[in-house]
Amino acid sequence: MATIVLDEVTKRFGSVTAVGGLSLDISSESLVAFLGPSGCGKTTTMNLIAGLDRPTSGEIYFDGRAMSGVKPGDRDVGFVFQNYAIFTHMTVFDNLAYGLRARRTDSGSSLDAKVRRMAATVGVAAHLNRKAGRLRVSEMQRVALGRSMIVEPSVFLLDEPLAHLDAILRVGMRAELRRIQKEIGQTMIYVTHDQSEAMSIADRIAVLKDGALQQYGTPDEIYDRPATEYVANFVGSVLINFIPAHYESRDGRGCAVVRTPNGREEVFDASHVKAPAQNGDRGPALRLGVRPELLRVVDPTSDEALIVGEVVLVELLGARSVVHVAAGTLALRAMAQPEEEYRVGDRLGLATNADDIHFFDAGSGEALR
Amino acid sequence: MRSESLRTARKLVIIIPLAVITLFPLYWMATMAFKPQSEWSPVTDIFWFPSDPTLDNFRQILGLDPIYEYLDATNAIKNSLIAAVGGTILAMTVGVGAAYGITRFRAGGRLVPFQILQLRMLPPVAVMIPILILWSYLHLIDTYVGLILMYGVVTFPFAVWLMRGFFLDVPREITQAAILDGCTHWGAFVKVVLPQVKGGLAVTALFVFILNWSDFLIALVLSRSEVITGPVFLSSLQFAGAGQLFGPQSALALILILPPAVFGLAIQRYLVRGLTFGAIKR
């Protein structure tokens, strides 16, 4: 219902830059996840969008309208906080009704009906007359969700809303949120540090680090074409493998040369990417990124084996398992199929397709394309 | 089991004597209040318990005995109530506002909160002479306003620092949620934050009230004849012929204990948490 545009938004607290020159375009009725570790500026950005804080510079637009000078209460923004901001001295009913009463949009039977419907949606219908402070944590968070949803704001901001819920409830609520968002057609921004949550729920993901945007794209783009090493590292259920290499020109073509721990030299065609910057006197260095799920386990004697190493740990993840392989100073992870069984101490080879390799500049961490 | 009862016994050995020592003056005062003059007068034998209990002391103090009109303390009790309640309202109004500003908006930076505390670095009596001079310039001597102002100034640092602890316990998000629902900062403070700290408000008000109510020195210096407070009046209950009037003094002291005690009982359920000064994090 509202397009949100952030234009070079910066927020400083004293000498600390919480958000630095952030520009984002959030299309109407989409669900965008802000993904990053704590302290990356996610919450600050949300506060700026909600109007709880003023940007040091830059401007935020809702549907093309500049928001500086518009009071938080007039922005038609709903906000669910990580610390379930509910009014513990009021009943659940009064909590849910608060926004409607404050806006004077509903009263009497229509207010009553809306509150009951919302209580059923978030699953607190049985507790309507209880003091909110006496609820369990998960119920409090659901009251907080309902409190914000009931006024059907055109922009809905959620700051780690599910962080305090247990795993089963979290998955259920996630799906529920997605359904409600599609139903009402709100523009929703969802802050999380959990990449799997962001991947499963969002239309687009903005990966943030130290108050700066690392990448903004669909979950597929983020996963398949990470813009930086940081993004590659942050996204994916099993940590991506990084293999140091150096860049050389051979026969007029750019190549990434990996010296494997067993003394072999493995050369990858890197002519399709731009050369990394000079890095010290050892020549331009790069890092190859390979997702564990795209690293195959092969016979250590075969030609395919890029790296040969020894299994140091097998982690079971249900259907599949993660095999940790040590090869010299390299520690690599590969996904094994359920029918494959490995034991600690096994020697095996790891192989991958050239297409599945991401090239990163070892100095700047940026993807080379 | 044996070691358990041994530990209890050891505790009691320490607690009982301490309790006796602390409570004895109270016991002495309470019994004294019901003794006739022959029993409280210092020249007679010691009576551990009034052998001939009487309400005469109370009748004299409450002005019900025309012969002892000069012992009538009702006016002093009234003065005490007005000054202490007024001082408490002043300290709480300014203190609660200041505490909220300091905790939520970092008003005054780092320095001002501590400067407020600095008001408590000297005992108030150390500045009483300059205050006396200032107050007489302002014609505030022997007036309610003069006492209320001074009580407010002396106790408001306590109000600020106690309330600061309680406000820190209120999550910032609660105010933000109210603001997003269209409240002003002021509306969020009144409708959402204050109800959350009502226990803290009660405890802080009690604490401030007790300080004001039990003050002796400030009232002694700042009053002449009109606005005499209870404790000042109590100390004046002595005469050249009779010496200390222990009986009426005890009766008045017993009456003066009542308001804080009643207030304290009324807010008892907040007291345990409140007396940790809001230091518990949930």
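Analyst: Two strands pair if DSSP finds at least two bridges between them. Helices (H or I, at least four residues) and strands (E, at least two) are DSSP runs, numbered from the N terminus. This is a predicted model, in which local features need pLDDT of at least 70 and side-chain atom pairs count only at pLDDT 80 or more, while totals for chains, interfaces and linings use all residues. Residues are numbered from 1 along each chain as its sequence is written, and chains are lettered from A and ligands numbered from 1 in the order in which they are written.

User: Which way do β11 and β14 of chain A pair, and over how many bridges?

Analyst: Strand β11 (residues 241-250) of chain A and strand β14 (residues 285-290) of chain A are antiparallel, with six bridges. Within β14(A), Ala285(A) is the bridge partner of His246(A).

User: And how many bridges join β11(A) to β12 of chain A?

Analyst: Five bridges join β11(A) to strand β12 (residues 253-259) of chain A, again in the antiparallel sense. Here Glu248(A) has Cys255(A) of β12(A) as its bridge partner. The hairpin of β11(A) and β12(A) has two residues between the strands, and Asp251(A) in that hairpin takes a positive phi near 55 degrees.

User: Where does Glu29(A) sit, then?

Analyst: Glu29(A) is in the loop between β2 (16-26) and β3 (31-35) of chain A. Its phi is positive, about 65 degrees, although Glu29(A) is not a glycine.

User: Why does Glu29(A) count as partly exposed?

Analyst: Glu29(A) is partly exposed because 16 other C-beta atoms lie within 10 Å. With C-beta atoms placed from the backbone, a residue is buried if 20 or more other C-beta atoms lie within 10 Å of its own, exposed if 12 or fewer, and partly exposed in between.

User: What about Asp210(A): which loop holds it?

Analyst: Asp210(A) lies in the loop between β9 (204-209) and β10 (212-217) of chain A. Asp210(A) has a positive phi of about 50 degrees, although it is not a glycine. With 15 other C-beta atoms within 10 Å, Asp210(A) is partly exposed.

User: Switching to chain B: how many helices and strands are there?

Analyst: Chain B has 14 helices and two strands. Of its 282 residues, 35% count as buried. The C-alpha trace of chain B spans about 75 × 70 × 30 Å along its principal axes.

User: How is chain B divided into domains?

Analyst: An automatic or database domain assignment supplies the bounds: domain 1 (2-71) and domain 2 (74-274) of chain B. Their centres, taken over C-alpha atoms, are 29 Å apart. In contact across the two are 15 residues of domain 1 of chain B and 12 residues of domain 2 of chain B, where contact is defined as C-beta atoms, placed from the backbone, lying within 7 Å.

User: Which helix supplies the largest share on the domain 1 side?

Analyst: α3(B) does, with four residues of the side of domain 1 of chain B that touches domain 2 of chain B.

User: Finally, how many residues of chain B are in contact with chain A?

Analyst: In total, 13 residues of chain B are in contact with 16 residues of chain A. On the chain B side, α8(B) gives the most, six residues.
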